[in-house]
Amino acid sequence: GTLALTALIPGVLVATRPLAEERQVMGYLCGWGVALLIMVPSYCLLVRGLASGEFNGVLKSMLGGMMGRLVLMVAAIVIFVKLVPEPPVVSFLLTFALGYAGLTVLELYSALATDPDGETA
C-alpha cells in the first residue's frame, strides 16, 4: 500500500504540476518524504502496541504516535521553511497533507484489519 501511494500521489503531482510555483517538484518530493519519515515509524509503534494485547499498551502507542506525529509535523514544516532558500511551501504542504492523510488511512486499515483467524494483517 505504501509503495502504491508513493507511486500515485507524488507521481501524479510531479507529472501534472497543478501549481504555478517555482521548484514545485522539490516541494512535492520533500513533502512526501517527510510524510513517509513521520508515518512509517508511527505505524511500527501502533503495531507493537496492538501486538502487546494490553489496553494500556494500545493506548500508549496510539497516544504516543499521535503526539509524536504532531511534534514532528510542526518541526518538519518549520525546518523546511527556514532551511530551504525560497521554499516551495504550497507544494510541500499539499503533498505532505495528502501523504499524511493517505498514509494514516493505510496505517489504520493495516493495523486494524483482521484475517479469519482473528490475527492482525
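Helices H2 and H4 pack at an angle of about 25 degrees, and their axes lie 8 Å apart. This is a predicted model. Angles under 35 degrees count as roughly parallel, and H2 and H4 are therefore roughly parallel to each other. Their crossing is right-handed. Sort the residues of this contact by class and you get 18 nonpolar, nine polar and one charged.

Now turn to the next pair. H2 and helix H3, which covers residues 55-83, pack at an angle of about 165 degrees. Their axes are 8 Å apart. Angles over 145 degrees count as roughly antiparallel, so H2 and H3 are roughly antiparallel to each other. H2 passes H3 in a right-handed crossing. The contact of H2 with H3 divides into 14 nonpolar residues, seven polar and one charged. On the H2 side, the residues that meet H3 include Met 26, Cys 30, Val 34, Ile 38, Met 39 and Ser 42. On the H3 side, Gly 57, Val 58, Ser 61, Arg 69, Leu 72 and Phe 80 are among them.

Pick out Arg 69 from that list. Arg 69 lies in helix H3. Is Arg 69 buried or exposed? Its relative accessible area is 12%, and buried means under 20%, so Arg 69 is buried. What does Arg 69 touch, leaving aside its neighbours within four places in sequence? Arg 69 is in contact with Ile 38, Met 39, Ser 42, Tyr 100 and Glu 107. Of these partners, Ile 38, Met 39 and Ser 42 are residues of H2 that take part in its contact with H3.

Go back to the start of the chain. Helix H1 runs over residues 2-16. Its length can be checked. At 1.5 Å a residue, its 15 residues should span 21 Å. The end C-alpha atoms of H1 are 21 Å apart, so the two values agree. Which residues of H1 are buried? They are Leu 5, Ile 9, Pro 10 and Leu 13. What covers them includes helix H2 (24-52) and helix H4 (89-112).

Leu 13 also turns up among the partners of Leu 94. Leu 94 lies in helix H4. Leaving aside its neighbours within four places in sequence, Leu 94 is in contact with Leu 13, Leu 19 and Tyr 28. Leu 94 is partly exposed, with a relative accessible area of 30%. Leu 94 and Gly 33 are 61 residues apart in sequence, yet 13 Å apart in space, C-alpha to C-alpha.

Last come some backbone angles. Most residues other than glycine have a negative phi. Here are residues with a positive one. Just after H1, Arg 17 takes a positive phi of about 45 degrees. Arg 23 has a positive phi of about 55 degrees, although it is not a glycine. Where is Arg 23? Its place is in the loop between H1 and H2. Arg 23 is partly exposed, with a relative accessible area of 38%. Glu 86 is another residue other than glycine with a positive phi, near 50 degrees. Glu 86 sits in the loop between H3 and H4. Its relative accessible area is 67%, and exposed means over 50%, so Glu 86 is exposed.

Note on methods:
Residues numbered from 1 in each chain as written. Predicted model: local features only at pLDDT ≥ 70, side-chain atom pairs only at ≥ 80, totals over all residues. Heavy atoms only, no water. Helix = DSSP H or I, 4+ residues; strand = E, 2+ residues; numbered from the N terminus. Expected span 1.5 Å × (residues − 1). Buried < 20%, exposed > 50% of the residue type's maximum accessible area, 1.4 Å probe, protein only. Contact = heavy atoms within 4.5 Å. Axes fitted to C-alpha atoms, helices over the stretch in contact; angles between N-to-C directions. Parallel < 35°, antiparallel > 145°, perpendicular 65-115°, else oblique. Left-handed = near helix turned anticlockwise from the far one by under 90°. Nonpolar A, V, L, I, M, F, W, Y, C, P; charged D, E, K, R; others polar.
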